[in-house]
Amino acid sequence: MIKILVVDDQNFTRQALQAILETETDFEVVGKATSGAEAIEYLEQTEVDIMIADLEMPEMNGLILTKILAQRFPETKVIILSSHDEDDNINSAVQSGARGYLLKNTSAQEIVDTIRAVQRGYFQLGPGLFEKLLSHLIKEKE
């Protein structure tokens, strides 16, 4: 069973993700948090395999939360869920220790597949993001 914590300041996103994830027999949404601080409090008490975190949250954004998790809870793998596809955000997420980066318009099946891949140790970028980063790197080298 893959234990998942959903962290997003928007109630609708938390509920939508929970509804998607709970249809999978090998997933268990063990908690939902509205902020990075709340997520850390939760992780201090409960073991979590995967945390899906929003990039933009008040007080502590997903990048800061990911850095803290990489240091304090390295067994928890982070997937950033964002509405932003800028190279800087993706690179910052990777540098912070995220194991995946998805856009909020990603299909339910892609979210599910990403969680399973990240749990197996793979790094995952959402559809189109790898090509975007690769194109950016090629332009930089030219």
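Below are my entries, in the order I looked things up.

**Model.** I'm working from a predicted model.

**Sheet.** I started with the strands: six of them make an open sheet, ordered S2-S1-S3-S4-S5-S6, with parallel pairing. I then checked the edges, which are strand S2 (27–33) and strand S6 (124–125); each has a single partner strand, so one side of each has no neighbour in the sheet. I looked at the S6 end too: S5 (residues 100–103) pairs with S6 in the parallel sense over two bridges. For Gly 100, the bridge partner in S6 is Gln 124.

**Helix H3.** Which residues of H3 (residues 62–72) are buried? I found Gly 62, Leu 63, Leu 65, Thr 66 and Leu 69. They sit on the same side of H3, because they cover an arc of only 160 degrees around the axis. What do they pack against? I got strands S1 (2–7), S3 (50–54) and S4 (77–82), plus helices H2 (36–43) and H4 (87–96). I also noted an N-terminal cap on H3: a side-chain oxygen of Asn 61 lies 2.9 Å from the backbone nitrogen of Leu 63.

**Cores.** The largest nonpolar core has 27 residues, and I listed the ones touching the most other members: Val 7, Met 51, Leu 65, Leu 69, Ile 80 and Tyr 101.

Key
Residues numbered from 1 in each chain as written. Predicted model: local features only at pLDDT ≥ 70, side-chain atom pairs only at ≥ 80, totals over all residues. Heavy atoms only, no water. Buried < 20%, exposed > 50% of the residue type's maximum accessible area, 1.4 Å probe, protein only. Helix = DSSP H or I, 4+ residues; strand = E, 2+ residues; numbered from the N terminus. Arc of directions from axis to C-beta. Contact = heavy atoms within 4.5 Å. Polar contact = N/O pair within 3.5 Å; in protein donor to acceptor, adjacent residues only side chain to side chain. Pairing = 2+ DSSP bridges. Core = buried A, V, L, I, M, F, W, Y, C linked by side-chain atoms within 4.5 Å.
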